Amino acid sequence: MRVAIGLLMQETNTFVPQRTNLETFRAVYLREGDELLSGFATARTEIPAFIDVLRSVEAEIVPLIAANAIANGTVTRAAFDDLMARMLGRLTGAGPVDGVLLALHGAMVVEDNPDAESEIVARVAEVLPPGTPIGVSFDLHGHVTPQAIQPDVFYVGYQEYPHIDMYETGERTARLLLETLARRRRPVMAFAKRPLIVSPVKARTVDEPLASIVREARRMEAAGEVLHASLFPVQPWLDVPDLGFGVLVCADGDVARAQQAADRLADMAWDRRDQFEPDLTALTEAIRIGLTSAGTTVVADAGDAPTGGSAADSTAVLAALLAAGADSAGRLSYLTLRDAAGASRAIAAGVGAEVNLTVGHAHSIADGKPVAIRARVLSVSDGRYQMRDAGARGMVMEQGPTAVLAIGDIRLVLRSRPAYEWDTGIYEAFGLSIADAALAFVKSPSHFRVGFEPLAARVLTADTPGPTCPNMRRLNFSRVTRPLYPLDEFTLKGRP
């Protein structure tokens with residue numbers, strides 16, 4: 001048995017001006033051929049899961065490419081075609097395969113195609129003999145469309161948000177492919193969608209209103225009604241047609257049953273639409289609470305989340321902390337900021353030096369103004385650390401040259417590149433204990449809770465600005481299909 005495996009991931013944010021090119025992918029990773037088999041070390045993600053399942057049955061693995069740009073602006077057609085050429089070249093050059101496993105995100109937008117994943121799958125299928133099964137894993141925040149339904153293709157989405165089941169999703173996908181090849185299963189897909197977008201801070205699968213919909217999906221699977229029921233509340237920072245809450249259901253040969261299940265789950269989401277309003281706190285109030293309350297207050301700076309496509313260089317939090325007197329509060333406040341030039345100057349000055357810097361908005365130039373600071377350099381490093389909290393445990397973060405600065409009682413981790421802010425390692429790896437902080441800001445809408453929540457006296461989500469702002473009404477949509485809730489108040493035919 002020969003099975004090809006590959007990964008092509010990027011979560012697009014159409015509200016940022018920059019484009020994602022080939023160098024953007026290379027800055028995260030672009031691995032080809034045998035590099036896939038060893039390049040993920042102990043990371044609990046999809047490709048290692050594919051490999052483990054296939055090796056357990058002694059299948060021959062045909063590695064294609066693994067390219068990831070995390071989250072960023074729209075992907076250039078040139079970069080996309082280059083990556084597809086690499087993937088398809090390896091696939092056609094490897095000789096016949098029995099099946100293909102792909103790890104995709106689901107929300108990639110190319111300059112001339114708002115549904116890149118459907119194009120990826122179609123182009124892979126074109127070079128395969130008819131009937132060759134393709135198994136695809138998707139992120140829960142995928143923007144799925146009817147074009148995803150293609151012959152001999154099945155999808156399995158993450159079941160958890162925060163994303164703690166990336167490896168397990170890879171396992172589920174690979175095992176279903178093996179069952180398909182053994183003719184024990186005949187996966188067929190159905191799709192449903194409702195005109196609803198959900199702020200990621202209100203889309204946690206362990207909290208209502210999504211939790212009850214998740215339970216129904218798991219009940220359907222446990223009862224044997226469907227093989228997999230995948231929910232896609234969608235990442236909302238996409239200004240594209242047909243945006244909404246999607247459902248993909250995989251059943252064993254029964255399309256009608258799959259469609260019935262997909263419609264039921266999508267209707268459950270629509271019926272609860274008013275319950276998805278996010279719980280947000282004004283930034284100044286979040287700072288006041290943190291500086292005057294016992295224990296550590298962890299605050300999501302969701303508007304500047306790099307895993308949603310923001311540049312991670314907004315000074316909104318830093319400016320608010322300084323205005324609130326946090327630098328002389330007698331208690332510590334932590335935050336991160338991307339500023340390669342500032343990090344370089346601090347590193348050149350050396351540990352213990354006092355530096356005058358102007359930081360922020362080197363990339364998000366239209367979203368705010370840089371802030372002038374005087375700080376003492378506490379430490380310098382290459383910015384490399386291994387994630388240790390649940391979900392992406394074992395993944396190595398490369399955030400580039402990094403300096404930890406003290407601005408009075410404020411601790412600023414100044415880094416050169418954007419990186420996941422999912423893990424307590426964003427502070428702990430650089431000598432800052434979460435337990436020592438009155439305030440710890442994290443540029444993430446929800447995933448950070450896995451590691452940070454157990455250490456926090458309270459967790460707040462600040463209503464911060466930026467291209468990943470948690471308040472959907474702040475976004476300047478112009479291309480989405482209207483009406484769209486919560487931007488518009490309306491009812492659907494046949495629904496309350």
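This is a predicted model: local features need pLDDT of at least 70, side-chain atom pairs count only at pLDDT 80 or more; totals for chains, interfaces and linings use all residues.
Guide: Welcome! A cavity here is a set of grid points where a 1.4 Å probe fits but cannot get out.

Visitor: How many cavities of 30 Å³ or more does a search of the whole structure find?
Guide: Spaces that a probe cannot leave count as cavities, and the search keeps those of 30 Å³ or more. Taken over the whole structure, the number found is six.

Visitor: Which element gives the most to the lining of the largest cavity?
Guide: The largest cavity has a volume of about 360 Å³, and 28 residues line it. Two elements give two or more residues each to this lining, namely β1 (2–12) and β3 (60–72). With four residues, the one that gives the most is β1.

Visitor: Which residues lie nearest the centre of the largest cavity?
Guide: By class, the lining of this cavity divides into 14 nonpolar, eleven polar and three charged residues. Out of the 28 lining residues, those nearest the centre are Glu11, His105, Asp139, Tyr420 and Trp422.

Visitor: Now for the pockets. Which element gives the most to the lining of the largest pocket?
Guide: The largest pocket has a volume of about 770 Å³ and a lining of 34 residues, with Thr24, Ala27, Val28, Ile70 and Pro418 nearest its centre. At least two lining residues come from each of α1, β2 (29–32), β3 and β15 (396–398). The element that gives the most, with five residues, is β3.

Visitor: How many salt bridges does a search of the whole structure find?
Guide: Side chains of opposite charge can pair when their charged atoms come close. Glu23 and Arg26 give one example. Over the whole structure, the number of salt bridges found is 36.

Visitor: Which element gives the most to the lining of the second largest pocket?
Guide: The second largest pocket has a volume of about 350 Å³. Its lining has 16 residues, and Gly131, Pro133, Asp152, Thr180 and Pro187 are the closest to its centre. Two or more lining residues come from each of β6 (153–157), α6 (166–181) and β7. With three residues, the element that gives the most is β7.

Visitor: Let us follow β7 into its sheet. Which are the edge strands?
Guide: The sheet is open and has three strands in the order β7-β9-β8, with antiparallel pairing. An edge strand pairs on one side only, and this holds for β7 (187–194) and β8 (228–232).

Visitor: Which residue in β9 is the bridge partner of Leu231?
Guide: β8 and β9 (residues 245–252) run antiparallel and are joined by five bridges. In β9, the bridge partner of Leu231 is Val247.

Visitor: What angle does the direction of helix α8 make with that of β7?
Guide: Helix α8 (residues 255–271) packs on the sheet and touches β7, β8 and β9. Between the direction of this helix and that of β7, the angle is about 25°.

Technical notes:
Residues are numbered from 1 along each chain as its sequence is written. Side-chain values use heavy atoms; hydrogens and water are left out. Two strands pair if DSSP finds at least two bridges between them. Contact means heavy atoms within 4.5 Å. Axes are lines fitted to C-alpha atoms, for helices over the stretch in contact, and angles run from 0 to 180 degrees between N-to-C directions. On a 1 Å grid over the protein atoms alone, a cavity is a set of points where a 1.4 Å probe fits but cannot get out, and a pocket is an open set with protein on both sides within 12 Å along at least five of seven lines; lining residues have an atom within 4 Å of a point. Grid points are joined across faces, edges and corners, and a volume is the space filled by probe spheres set on the points. Ala, Val, Leu, Ile, Met, Phe, Trp, Tyr, Cys and Pro count as nonpolar, Asp, Glu, Lys and Arg as charged, and the others, Gly among them, as polar. A salt bridge is a side-chain nitrogen of Lys or Arg within 4 Å of a carboxyl oxygen of Asp or Glu.
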